[in-house]
Amino acid sequence: MGWTWEKASHYYPNGNIDRKAECDAYFTEGLNEGQYEILKSTMVGGVYYAAVRKLKQYCGENADGKSQFTDLPPDKQKVFGAIFATATFKRDYLNFGYKDMDETMVPGDATARNLLLHCLCLLIMNMRYYGASDA
């Protein structure tokens, strides 16, 4: 798949784009607001890594054509690793780009921080200990 480009909305005081905040916003703002929980996220160079929990599931549209979501029970809330390659340009429009991936996609990127990998491993072990069948 290709890259997605948009106008950034998160900046540092010096005017540079806050790449981590932009990537976090993918899961916490806009159409995805309330559907995901970021357990841990970090940037390594221009690559964003996050452990993300899915909280809601799409269940169709109502009579008005609006999307409807239901809360997932705790044993159905899957945790996945999100990876975004990022890029920025010094211009007023379409100045932040990302290529979103998850841990199932290749080619792989082996620079993930140990803390994030540790967090994902602990979550999986915790899910298995408490009997979640999808861990």
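## Salt bridges across the chain

Glu37 and Arg53 are joined through their side chains by a salt bridge with an N to O distance of 3.1 Å, a salt bridge being a side-chain nitrogen of Lys or Arg within 4 Å of a carboxyl oxygen of Asp or Glu. This pair links distant parts of the chain, since Glu37 belongs to strand 2 (residues 36–44) and Arg53 to strand 3 (residues 47–54), 16 residues apart; strands (E, at least two residues) and helices (H or I, at least four) are DSSP runs, numbered from the N terminus. Glu37 is partly exposed, with a relative accessible area of 34%, where buried means under 20%, exposed over 50% and partly exposed in between (1.4 Å probe, protein chains only).

The structure holds three salt bridges, and another of them connects Lys56 with Asp71, whose closest N and O atoms are 2.5 Å apart. Lys56 lies in strand 4 (residues 56–61) and Asp71 in strand 5 (residues 67–71), so this pair ties together parts 15 residues apart in sequence. Lys56 is partly exposed at 23% relative accessibility, whereas Asp71 is exposed at 59%.

Lys20 forms a salt bridge with Asp24, with 3.1 Å between the closest N and O atoms. Both residues lie in helix 1 (residues 19–28), and because they are four residues apart, about one helical turn separates them. Lys20 is partly exposed at a relative accessible area of 29%, while Asp24, at 16%, counts as buried.

Five strands form an open sheet in the order 1-7-6-3-2, with antiparallel pairing, two strands being paired if DSSP finds at least two bridges between them. Strand 1 (4–6) and strand 2 are the edge strands, each pairing on one side only. From one strand to the next the twist averages 25°, with axes taken as lines fitted to C-alpha atoms and angles running from 0 to 180 degrees between N-to-C directions.

Strand 1 is joined to strand 7 (residues 96–102) by three bridges in an antiparallel arrangement, and Thr4 has Tyr98 in strand 7 as its bridge partner.

## Basis of the values

This is a predicted model, in which local features need pLDDT of at least 70 and side-chain atom pairs count only at pLDDT 80 or more, whereas totals for chains, interfaces and linings use all residues. Residues are numbered from 1 along each chain as its sequence is written, and side-chain values use heavy atoms, with hydrogens and water left out.
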